[in-house]
Each structure stands twice: as C-alpha cells, then as structure tokens.
Amino acid sequence: MIRVLLIHDTMLIRSALAALLGGEQDLDVLATAWPHSRGPAADWQAQVCVVDGDGEWSGLPGTAAERMVILTEAGRPGLLRRASQADVRGFVSKDSAPERMIAAIRRVATGERYIDEALAWDFLRAADMPLTSRELAVLAAAAEGAPVAEIAADLHLAGGTVRNYLAAVIRKTGARNRVDAIRIADSAGWL
C-alpha cells in the first residue's frame, strides 16, 4: 500500500482527486489544504506527496522532495526548473489524463522519476531561463513592492547595483519596464 498525501487548496479539486486516488487498491490517501499540510498531515508519513504546483511546495516538513509529484500547468518552465533543482521526482500536467497522475505516484514511490510528456517542451525551455539567481532575487523583491533602497539593504547591495540588475532583467526578458518584467517572470514560473 502506497501512502499518499494530497495537498490542494481548492476543496472541489482536492475531493475529486482524493476520490480518484482512493479508488485505486494500492493507494491510501490523506487529502488536505496547504494551511493544514504542516500539522497532523505532516506526521502521516506519506510515501508520496502530491502537491499543487501553485502552492508553497518547497520545505514541507516530513516530505522529501524526491517523494513529491507536482501538478502544474504547461507554460511554467521556471517552476519546473526550481522543482527539478530541488530534486522533485514527479511532474504531471493538470491537463493530463488521471492515469498519468496515478502512474507518476507509483513510479515516484519506487524511487523513479516521472515527467508527463505534456511538460516535455517546458523542461527544454526551463534550461533557457536567462536570469541569474541574483537577478531573480532582486526581481522577486521588486515583485513584492520593495523600493530600490530596501532591496539594496536586504540583499547587501548598493542602490546602483540593484538598478543595474533590474535593467538587466528588463533587457533579458524583453520587457518594456519593471512591471512587465515581473509579469513575464511570474507567468514563466521563475518567481
């Protein structure tokens, strides 16, 4: 029996996925929302954790990344890159047939990787992210609304250096301005 922790904030989707997975004879499922995933659900000792890629999947207590299956939308190569760098083992498109998610759970439970074919192009694009980790950190702070002086203080940089990083981000993303760069980076899943 494979113990599966399913984390999704949308109750209707979470309930439907739990019913689907619960219908499999070799899967034992506990479904919860993100706010509850750090409480008793973390102590459930799941073998595989299925998470909505839009949630805060990194750092779930008691859940190693190599036992995770992330449900995500196509067109988010940055999210795939971050998850892959964290050693997440399973990736399933939200537009895929349910059988793919079940197959991913079974493969990840045995220690293998599973990448949904619908996400293959995004994995190829994930390698093409043009921003450095420092540029991403500056852009993420700007996306939170922090002014240049605050970003500089938080990241131990000079104000001019922060402005240079933001200019580089705008150039590399082909954005018109900082707000457009944030939109581009967010839609690609880089933030």
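F91 is buried in this predicted model, with a relative accessible area of 2%. The structure holds 1 aromatic pair. The ring centres of F91 and F123 lie 4.9 Å apart and the ring planes stand at 85°, so the pair is edge-to-face, the cut-off for that class being over 60 degrees. Since F91 belongs to strand 5 and F123 to helix 4 (residues 120-126), the pair ties together parts that are 32 residues apart in sequence.

R89 is found in the loop between helix 2 (77-85) and strand 5 (90-93). R89 counts as buried because its relative accessibility is 19%, and the limit for buried is under 20%. The side chain of R89 has a polar contact with the side chain of D87, and a polar atom of the R89 side chain also lies 3.2 Å from the backbone oxygen of G111.

| Residue | Partner | Distance |
|---|---|---|
| F91, ring centre | F123, ring centre | 4.9 Å |
| R89, side chain | D87, side chain | 3.3 Å |

Helix packing is the remaining topic. Helix 1 (residues 11-22) packs against helix 3 (residues 98-109) at an angle of about 65°, and the two axes are 11 Å apart. That angle makes helix 1 roughly perpendicular to helix 3. The crossing of helix 1 past helix 3 is right-handed. On the helix 1 side, the contact involves L17, L20 and L21, which meet P98, M101, I102 and I105 of helix 3.

Terms used
Residues are numbered from 1 along each chain as its sequence is written. This is a predicted model: local features need pLDDT of at least 70, side-chain atom pairs count only at pLDDT 80 or more; totals for chains, interfaces and linings use all residues. Side-chain values use heavy atoms; hydrogens and water are left out. Helices (H or I, at least four residues) and strands (E, at least two) are DSSP runs, numbered from the N terminus. Buried means under 20% relative accessible area, exposed over 50%, partly exposed in between (1.4 Å probe, protein chains only). A polar contact is a pair of N or O atoms within 3.5 Å; within protein, one must be able to donate a hydrogen and the other to accept it, and residues adjacent in sequence count only if both atoms are side-chain atoms. Rings of Phe, Tyr and Trp (its six-membered ring) pair if their centres lie within 6.5 Å; planes under 30 degrees apart count as stacked, over 60 as edge-to-face and the rest as tilted. Axes are lines fitted to C-alpha atoms, for helices over the stretch in contact, and angles run from 0 to 180 degrees between N-to-C directions. Angles under 35 degrees count as roughly parallel, over 145 as roughly antiparallel, 65 to 115 as roughly perpendicular and the rest as oblique. A crossing is left-handed if the near helix is turned anticlockwise from the far one by less than a right angle, and right-handed if clockwise. Contact means heavy atoms within 4.5 Å.
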